[in-house]
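My notes follow in the order in which I took them.

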Protein chains: 2
Amino acid sequence: MTDGSESAKLPPKDDFSRWYNELLWMAEIMDVRYPVKGLYVWYPFGFNLRNRVYSILRELLDVDHREAMFPLLIPKDEFMKEAEHIKGFEDEVYWVTHGGREPLEVPLALRPTSETAIYPMYRLWVRSHADMPLRIYQIVNTFRYETKHTRPLIRLREITSFKEAHTVHPTWEAAAAQVEAGLNIYREFYRRLAIPVIVSKRPEWDKFPGADYTMAVDVLMPEARTLQVGTAHHLATNFSRTFGITYEDPNGIRQYAHQTCYGISERCIAALISIHGDDRGLRLPPEVAPIQVVIIPIIFGESMDVIEACQRVEETLKTRGLRVNLDLGDERPGAKYYKWELKGVPVRIEIGPRDLEKNSCVVVRRDTAEKRSIPLEDVGDVVLELFRAIHENLFNIAKKRLDESIIDCDTIEEAQEKVSSKICRVSWCGRRECGLEMEEAVGAEILGIPEGRIGRGRGICPVCRENTEAKALISRTY
Amino acid sequence: MTDGSESAKLPPKDDFSRWYNELLWMAEIMDVRYPVKGLYVWYPFGFNLRNRVYSILRELLDVDHREAMFPLLIPKDEFMKEAEHIKGFEDEVYWVTHGGREPLEVPLALRPTSETAIYPMYRLWVRSHADMPLRIYQIVNTFRYETKHTRPLIRLREITSFKEAHTVHPTWEAAAAQVEAGLNIYREFYRRLAIPVIVSKRPEWDKFPGADYTMAVDVLMPEARTLQVGTAHHLATNFSRTFGITYEDPNGIRQYAHQTCYGISERCIAALISIHGDDRGLRLPPEVAPIQVVIIPIIFGESMDVIEACQRVEETLKTRGLRVNLDLGDERPGAKYYKWELKGVPVRIEIGPRDLEKNSCVVVRRDTAEKRSIPLEDVGDVVLELFRAIHENLFNIAKKRLDESIIDCDTIEEAQEKVSSKICRVSWCGRRECGLEMEEAVGAEILGIPEGRIGRGRGICPVCRENTEAKALISRTY
């Protein structure tokens, strides 16, 4: 189905843009040849990976959220209700203006995000204290008319897999706690993908249109760029006032509800691919790998013994619930190695006549290329142990790279010089003017004040020279 | 969340339209109050049911199909390539004409179905014999600008859950076999929903625009109307010629591929609700019921013993993997019965002090209202046995009703009279003129020649008076 991938060669990962585009195609994640800019096709292999990743997200959300589904089309009058929100989106919205050959009475927006589709319903659903907290999510396609350079999984005109949660609470504090709960879900989600994250409070000028404040989850991609892979917004009563979402408090007085929303898109898959992949292709954490183990017989001519041994191993692993592929194709073993490495299969098992004589097999880790000969009878236990080790190793490699990428810069000049290869940690007084000036001078973006120790430390704002105890991260972004 | 459903009363099922609309709302399947005609909101409970139903569909398809995902937006030039196809859809297509405040260079159609989005990709994916059979499906939202009366789950402007499979084969015969394989999947799917079906070859004038022939799956809804709940189309080389989908045959000659496509929408949920439901609400087959068992303590005042016994039963059933809800709410038992019957929970378990004295509990079937007292220690086995019995009973009731609804009519007058309460079985020579005249005179639609015995039998076409051995079914449809 890849028509020719066999003969193509993956560029080295250092050549990231080319590596990324070629890998998406060669590993059958996405086909970029759809005849509209910014729209891409999920190959079955990619979609399988996508489903496994989103299963984790569903599992984490389903603990105290419920999945629902709201319409894609939003009537113009509803869409235009919240002033800040419109300002943030009006240049990016696709409009449906015709049905059949007739113009529509009211133009319909393709949702760029679903606040204005969901909140008219929340107005009907929330009446009293007993209806809160209301925690609902949906996983849907959303649309942005991107005029910038589009890129598969990262900057799209159709976001095919937008998970958006929308919650309602009686108080500002309860909503703030939910923002934190949402972020905890995201931290756990990315931990399951072996991806370390930075969580920051976005600067005022970069928050979600209509939000009180925005928290964001960023990851470190190749070339020292960060990618925003999740956001959580405290909406306060900004939308509830517009859409009339109220409840009766214990004193019988109607109050505006406080809301939050938080989202993750298929950028999580872009991060998964880009952070773990190497010169040979994908490296997938076993939990989400569509194929977890590939078994390759090493045979020359007839060798039923070897094939039967492979089948027994396949059976053993399937009994344990693993996703196994026994590759009995005609290609040489080397070609098979290449193919399955490209697809990120975490563990390869090789069995040849000499292994069989010793009642053993060779197991090879995709992440380290480490090979071991093990007794055939241990294969189930060893593979599960390797899964844990591979997940941990992928996380540790990424964590080390992230930690080493964050460096302190005392001056704007220093940040300017380092930002092409590092995430710069800079003292910042928190003022808008200073922040914008820094972004302009460094030619990169302030992610915000990160949570935890890296966000704190005495220093001097390099713009206004005032003392401050806050540290901001600055990086080039997508 | 239903704001007031407690006080509302479900109309009797004989008053079907009202029953259907009220039930969707009261059982929290869909909210019809979204501010655009023909667009509806899936409540979490309804969406949970939807996911369970679609899990069955995925399970059946995943045996030899692969799931993928193609874009929603189709450029006008691709959409306009297949002449018959356009004719069939041009009055129903929504057009996106603007991105932000600018008009688009090429208008984009919201897919009414995805042939014209998928086949430009198949052109790239299919090169040789080895690429076939190609069997891919997606589950996506599709759009129809319906000008007729819309109805939730049945006639929609956004079909939120369209499962469409698209396959490619070297020969006409292989594609015909795939149409039959697709129908077998649908037969099994509906059997799992306890729904009997009729499979017919649609008349020429009612086939899919661009198809060689169309097979359809119909079910019997209340009021003797049939609902088309699945179709499978043999596309022959009609689309492959337009989109250039070819392969090289063993002699090195390029041949056009043969294609099929087959689809199911959320009408399957409409059928599930309408066929099994009764005056008290939903009756769900246990396999798809979001809640399979509800446990209700029968207590007056304090009664920790009873609650503990309920918790033990809950635990026992959860250990067996069942979806159980222990209702410890403050309402009277009668109010709880009403609420869970409305939501179609297949089995209710009641435990009161007197049951506990005997170490027993009462189990109540939703489908028959039959009550039994059973030993507490048997509860796991009894519930699983009841699940099988409930599924079988729901199927048998529906099958009996379907069989009794099909009656032979020798004349058009007879069909005309009977069609308001029956599906009419009429001899038909197969000619278009006779068929259309019959439809017109009877005021109903020819479903086609059904497969199996009911489609055969000697008789005389009531229009042209010729002898024929084929029988057509005529019914009022949605």
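**Strand pairing in chain A**

I began at Thr214(A), which lies opposite His233(A) in strand 11 of chain A. The model is a predicted one.

I then looked up the two strands concerned: strand 10 (residues 213-220) and strand 11 of chain A run antiparallel and are joined by 8 bridges. Their hairpin has 4 residues between the strands, and Glu223(A) has a positive phi near 60°.

I stayed with strand 11 (residues 225-236) of chain A and checked its burial: 10 of its 12 residues are buried. Strand 11 of chain A also runs antiparallel to strand 14 (residues 258-264) of chain A, with 5 bridges; there His234(A) faces Thr260(A). With strand 24 of chain A the pairing is parallel, over 2 bridges, and Arg225(A) has Arg476(A) as its bridge partner.

Next I followed strand 24 (residues 467-477) of chain A to strand 23 (residues 456-460) of chain A, an antiparallel pair with 3 bridges. Ile460(A) is bridged to Asn467(A). This hairpin has 6 residues between its strands, and Arg465(A) in the turn has a positive phi of about 65°.

Last, I turned to an open sheet of 5 strands in chain A, ordered 16-15-17-18-19, with mixed pairing. Strand 16 (324-326) and strand 19 (371-375) of chain A are the edges; each has a single partner strand, so one side of each has no neighbour in the sheet. I noted an average twist of 25° from one strand to the next. Helix 12 (residues 379-405) of chain A packs on this sheet, and its direction makes about 10° with that of strand 18 of chain A.

Notes
Residues are numbered from 1 along each chain as its sequence is written. Chains are lettered from A and ligands numbered from 1 in the order in which they are written. This is a predicted model: local features need pLDDT of at least 70, side-chain atom pairs count only at pLDDT 80 or more; totals for chains, interfaces and linings use all residues. Two strands pair if DSSP finds at least two bridges between them. Axes are lines fitted to C-alpha atoms, for helices over the stretch in contact, and angles run from 0 to 180 degrees between N-to-C directions. Two residues are in contact if their C-beta atoms, placed from the backbone, lie within 7 Å. A residue is buried if 20 or more other C-beta atoms lie within 10 Å of its own, exposed if 12 or fewer, and partly exposed in between; C-beta atoms are placed from the backbone.
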